Amino acid sequence: MSQEILNLTCKQLRDSIAKGDVKSSDAVSAVFERIEKYDTRIGAFLSTFKTEALTQAGKVDEKIAKGQSVGALAGVPIAVKDNMCTTFGPTSCASKILENFHSPYNATVIEKLLAADAVIIGKTNLDEFAMGSSTENSGLKKTVNPWDKDRVPGGSSGGSAAAVAAQMCFAAMGSDTGGSIRQPASFCGVAGLKPTYGRVSRYGLVAYGSSLDQIGPLTKNIEDCALMLNVIAGHDEKDSTSVDETTAFLCDFLSGANKEVKDLKIAVVPQLFEGADEQVIQSIKDAIEVYKKLGAQIIEIQMPHFEYAIAAYYLIATAEASSNLARYDGVHYGHRTKNAGDYIEVYTKSRAEAFGTEVKRRIMLGTYALSSGYYDAYYLKALKVRNLIRGDFTAAFEKTDCIIMPTSPTTAFKIGEKTADPLQMYLADVYTIAANLAGIPAISIPCGFDKNNLPIGLQIIAPAFGEKKLLQIARMFESQTDFHKKNPQL
Amino acid sequence: MAQNKIDIEQVKQVAKLARLDLTEAEISQFTTQLGAILEYVEKLNQLDTSKVEPLAHCLPINNCLRADEVKESLGTDKTVTNAPQTDGRFFLVPRILEESGGF
């Protein structure tokens, strides 16, 4: 019975629970059985809430037994990346500086999940402050890829992706600043959606790069992405960068999710196929064939500024990070050094003792890029190039409905393979960061396996606020393939 | 090899600005690594951006103003509860000003 439950999607589970066919408490028990059996190896979770989750599940079951109406995620066990504030359990960002931090408030997405009657079962591991592409930068825990335990799950939402892939939850929340939802989704063989910037409130998401960060779901399939987006999208007065209805109509992403897009035009960027693994490219070419058979028209476009995205991104993101992370001062919350002589040393030593190396490196790079004498040459220059990159997308979307490319140039790499050279790690984000710079939505969906049986991800990028069509386009491919139905042997 | 884009003294200065008490080993490591990253981002200079506006933000929104109304806030207890040192009402820090007796 419990494996049968685990094989359900969010949507299927929610409907079964609402009908009274499955009990939420059984679903919660099933995932905890799984977590207790496998998470010592996988390491997806930083904290779990079994007692609270069973209580919450019991409440949902009771509502249903009484015939009361229930929310869109009624009784569904969901995991949350540990950079979203919760009043229950720690909110650590996988950093020693916040190891014992307990948020006094919930992030807006948490409130929305709870209002939809979801059951939050635990908080997942990440690269410290979401800075990384492998979850190896976690200051608290090591997470491995469920498909091959010698390999990384991707990052920074590596715990969320691993938890979904290993059936330790039915969906997970992640955040994406430069690919942190899509790349781990690709490495772990699940779907991962980065919505348009402004679509989902960032209130209570611990800030990394504020003009780039966006929360989104990691799920088993496209329908679940649509379901989750329905729950979390919308204006929030607590986030001045969340858009209201005058900018973007809220629509039901779930209805019509199976509808095929008529006269679909898909663009590919031939220059971007250089530099990716042969097997990754082959899978993308196979995906193109699938779309052709569905009647899509494939066009080739140039994106002359795409190759500058990494350089622009690592200046902008680190500049924003250096400013955002100034709040960790050893005074208001978080770690405080025991070795401070004066108040300046409270700052300098608290931060030095508790930040990990990658966080320090990015703070240093960002501080340098913003510092007097270098601001114009680095930060301002990067913002101008950002405008050029957005221009490439604007021009492209005049000709096409979407752009497809790999999510990552490689499949999951070995643990430790890229840690010695930070620049090599940054270069692995080549396909994902442009969407963050342009603020547009993008999704990664499973589209194949390499010779080591590691998942390959197809990335689809759409215009701002075009999530509905984006999900339909992704679903067209999913409906013709069964890559998303494969599960790793744990 | 070309000259490193950043030297040890500059790294020390940036660490000071960033309020990070780095070890000698970290300073030396960051000098090399930041040098390599800055070398890489030089490629932005291949682009002529003299007529391009900087884009700090992708949304078509400006200021978001709300009514100037008093609303419920977090309160002192919750605000100081995560502080490493507090007397229950205030954050405690080492003395910032020397005693002068002038007040």
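Which residues of helix H5 of chain A are buried, and against which elements do the buried residues of H5(A) pack?

Analyst: The model shown here is predicted, and the chain as a whole is the place to begin. Chain A contains 16 helices and 11 strands. Its radius of gyration is 21 Å, close to the 23 Å that the globule rule gives for 490 residues, so chain A is as compact as a globular protein of that length. The C-alpha trace of chain A spans about 65 × 55 × 50 Å along its principal axes. Of the 490 residues, 66% count as buried. Among the contacts in chain A with a separation of 6 or more, 76% come from residues 24 or more positions apart. Chain A exposes about 16300 Å², and carbon and sulfur atoms supply 47% of that area.

Within this setting lies helix H5, which covers residues 108-115 of chain A. Its buried residues are A:Thr108, A:Val109, A:Ile110 and A:Leu113. In an α-helix there are 3.6 residues a turn, so residues three or four places apart point the same way.

The strands of chain A are S2 (77-81), S3 (119-124), S4 (171-176) and S6 (214-219). The helix against which they pack is H8 (222-232), also in chain A. Just after H5(A), the backbone has a feature of its own: A:Asp117 takes a positive phi of about 70°.

Note on methods
Residues are numbered from 1 along each chain as its sequence is written. Chains are lettered from A and ligands numbered from 1 in the order in which they are written. This is a predicted model: local features need pLDDT of at least 70, side-chain atom pairs count only at pLDDT 80 or more; totals for chains, interfaces and linings use all residues. Side-chain values use heavy atoms; hydrogens and water are left out. Helices (H or I, at least four residues) and strands (E, at least two) are DSSP runs, numbered from the N terminus. The radius of gyration is taken over C-alpha atoms; the globule rule is 2.2 Å times the number of residues to the power 0.38. Buried means under 20% relative accessible area, exposed over 50%, partly exposed in between (1.4 Å probe, protein chains only). Contact means heavy atoms within 4.5 Å. Accessible areas come from the Shrake-Rupley method with a 1.4 Å probe; for residues, only the protein chains shown count as cover.
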